[in-house]
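Student: I'd like to go through this one slowly. Could you help me see what each label rests on?

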Protein chains: 2
Amino acid sequence: MAERFYCGVDFGGTNIKAGVVRAADRMLLGQVSVETERQGGPEHVIGQIILAAGQAVAKAGLRMDQVAGIGIGSPGPLSHKRGEVYQTSNLPGWRCEPVAARVAEATGRPTTLENDGNAAAWGEFWAGAGRDVDSLVFLTLGTGIGGGVILEGRLVRGGRENGAELGHMIVQAGGRPCSCGQAGCLETYASAYKTAQRFVEALEAGEPSVLAGRHRAGLPITSKEIAEAVAGGDRLACRIWDETCYYLAVACVSIARVINPDRVLLAGGMIAAGERLLLSPVREKFAEQNWKLRCEGLVLEPEIAFASLGNNAGVIGAAGAVELAIEEGTLANAE
Amino acid sequence: MAERFYCGVDFGGTNIKAGVVRAADRMLLGQVSVETERQGGPEHVIGQIILAAGQAVAKAGLRMDQVAGIGIGSPGPLSHKRGEVYQTSNLPGWRCEPVAARVAEATGRPTTLENDGNAAAWGEFWAGAGRDVDSLVFLTLGTGIGGGVILEGRLVRGGRENGAELGHMIVQAGGRPCSCGQAGCLETYASAYKTAQRFVEALEAGEPSVLAGRHRAGLPITSKEIAEAVAGGDRLACRIWDETCYYLAVACVSIARVINPDRVLLAGGMIAAGERLLLSPVREKFAEQNWKLRCEGLVLEPEIAFASLGNNAGVIGAAGAVELAIEEGTLANAE
């Protein structure tokens, strides 16, 4: 029997990463990255996606017709059903672009489109830290906070699609303004970028910190520097970081109340801070903020853990997503 | 072919309501109510459930063996899979009571147990204001706020069960303390009971209102009196009511971000306030608080509407829930 392979594409505002996953062991084979060149507009960018997919397939030592399908993880809003990417803040000039159809036409392979957070969540479920559970919620802590939801082994796209935008759950009504137009979104407090922004705001308001000199020198302060300052006991860094962990915990409580998954996986660059600085405090604050209903001998709450696929979750999950779409019969464009 | 009938039981701290639903047209036939007599302890209360089911079947002109199954909607936490009700704040002395098994033994009929919010949500989906959609979220505004979630035609019970406790989503981190042990839960702001409580707090802090005399006279103030005062333009009533609508809208935004259903249905006694006083303000505030991503010609957001089955949603939905459990194969106790 011939082995089955899927091509996954993780399409972002700066780079397009692609790879091939072997279905049997979910091993990632060829990996490539090309520039998005978003200034070229939708047609050009779709060409770059096709280029990346072709390079990955070649690098894996395959011909395109040996690939069972192509999955594309993309920033939203988008329609999985229609295979279209709508306007996105990162991609000027886009509106209702039929990405899946174009890629399918150019490659001759069945192609599916998923939200990038959904794809990465599916990657962890299919091949990573969620392989052993039936339901999970995935939160990726980067510039924003992306999300994905899997329930009873099914990817939850939302009744009107574009669900699982977990960074835009409101955790503080009337709170910090968000670029999405809402106020008090989780990501305004707890993304890597916004954590750094809150830190810099406090520095500029005159609070002392070991990082004050760095900031005065015009050097960037990211969540990485803040985590290092937390490890060193810097008071301001500890306060800001603590707030980030608190809001992540609050979001986990709301996630538990709405869909109560087996596991919540934290992902993204920020988890480099590690178990002691990030995971343990989030777990502790979750226990504090969570309701006090208890049933002897029963675990009623999700486990909070780190994702395991790192930057590959998007590519692996996009590859898995086309297997899923074929199985579900939700391919926007069958051959 | 014989007609199919299901018995539904809506089990609460004060009363146990039961009825029979005809599968063909989802018509509610016999309706009865017995007292819970919760002071009698779990065995006695389970006896009352069996009594109510038997009375409803008789009142519908049927024998118990003509009923295809019995569904019970119960306050949680509980396990649908195990058919057990855990400790509940309304039912002293309960812990891991095998309600479904006892009722199945006594009646000889397959019996299923669902969270009461889930059952009522399923009722609206099966026979009410959600018949025409694939996904909905249900919020019942009473003493607390109960909830239910249906996605792609499937009842979402949560990976660890006890999901859809939507009244305990945190909408205001660090906000008003909730009896569940959390802070800032939706229900601490927006349930009928807590709306009245916030109003009375403001009265007692000296704010003027047309209802001040009523309160001084020791008469109760409920959301009904407040809605009447809102209709009359009372300033305090308007402010408190407005806050309730605001928090409901904020919760709808978070619901849209997590699972983006086709529809959010509001239910419970409070919807007697009507479209002008309740539904329209919640819709307006939802539009204000919701993100500003728009895609021409596409509806990306859930519709907010009133439920249609009123107090019967629980009984009808519990009846529907046993049909569902039989179809899904999730009956805790087959005969």
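Student: OK, where is B:Pro77 found?

Tutor: Look in the loop between E4 and strand E5 (78-79) of chain B. Helices (H or I, at least four residues) and strands (E, at least two) are DSSP runs, numbered from the N terminus. Before we go on: this is a predicted model, where local features need pLDDT of at least 70, side-chain atom pairs count only at pLDDT 80 or more, and totals for chains, interfaces and linings use all residues. Residues are numbered from 1 along each chain as its sequence is written, chains are lettered from A and ligands numbered from 1 in the order in which they are written, and side-chain values use heavy atoms, with hydrogens and water left out.

Student: What is the peptide bond from B:Gly76 to B:Pro77, cis or trans?

Tutor: That bond is cis, with omega near 0°. In chain A, the bond from A:Gly76 to A:Pro77 is also cis, again with omega near 0°, and A:Pro77 sits in the loop between strand E4 (69-74) and strand E5 (78-79) of that chain.

Student: Why does A:Glu161 count as buried?

Tutor: Buried means under 20% relative accessible area, exposed over 50%, and partly exposed in between (1.4 Å probe, protein chains only). A:Glu161 has 10% relative accessibility, so it counts as buried. A:Glu161 lies in the loop between strand E10 (154-155) and helix H4 (186-190) of chain A, and its phi is positive, about 55°, although it is not a glycine.

Student: And why does B:Glu37 count as partly exposed?

Tutor: B:Glu37 comes out at 30% relative accessibility, so partly exposed is the label. Its phi is positive too, near 50°, in a residue other than glycine. You'll find B:Glu37 in the loop between strand E3 (27-35) and H1 of chain B.

Student: Which residues of helix H2 (residues 99-107) of chain B are buried?

Tutor: They are B:Val99, B:Ala100, B:Ala101, B:Val103, B:Ala104 and B:Thr107. These pack against helix H1 (41-59), strand E4 (70-74), strand E6 (84-85) and strand E7 (111-115) of chain B. After H2(B) comes B:Gly108, with a positive phi near 75°.

Student: On to the two chains. What makes B:Arg154 and A:Glu152 a salt bridge?

Tutor: The term asks for a side-chain nitrogen of Lys or Arg within 4 Å of a carboxyl oxygen of Asp or Glu. Here the closest N and O atoms are 2.7 Å apart, so B:Arg154 and A:Glu152 qualify. The count between chain B and chain A is four salt bridges.

Student: How many residues does the contact take from each chain?

Tutor: It takes 57 residues from chain B and 57 from chain A, where contact means heavy atoms within 4.5 Å. The two chains bury about 4,800 Å² between them, 54% of it on carbon and sulfur atoms; that area is the accessible area (1.4 Å probe) that two parts lose on being put together, summed over both.
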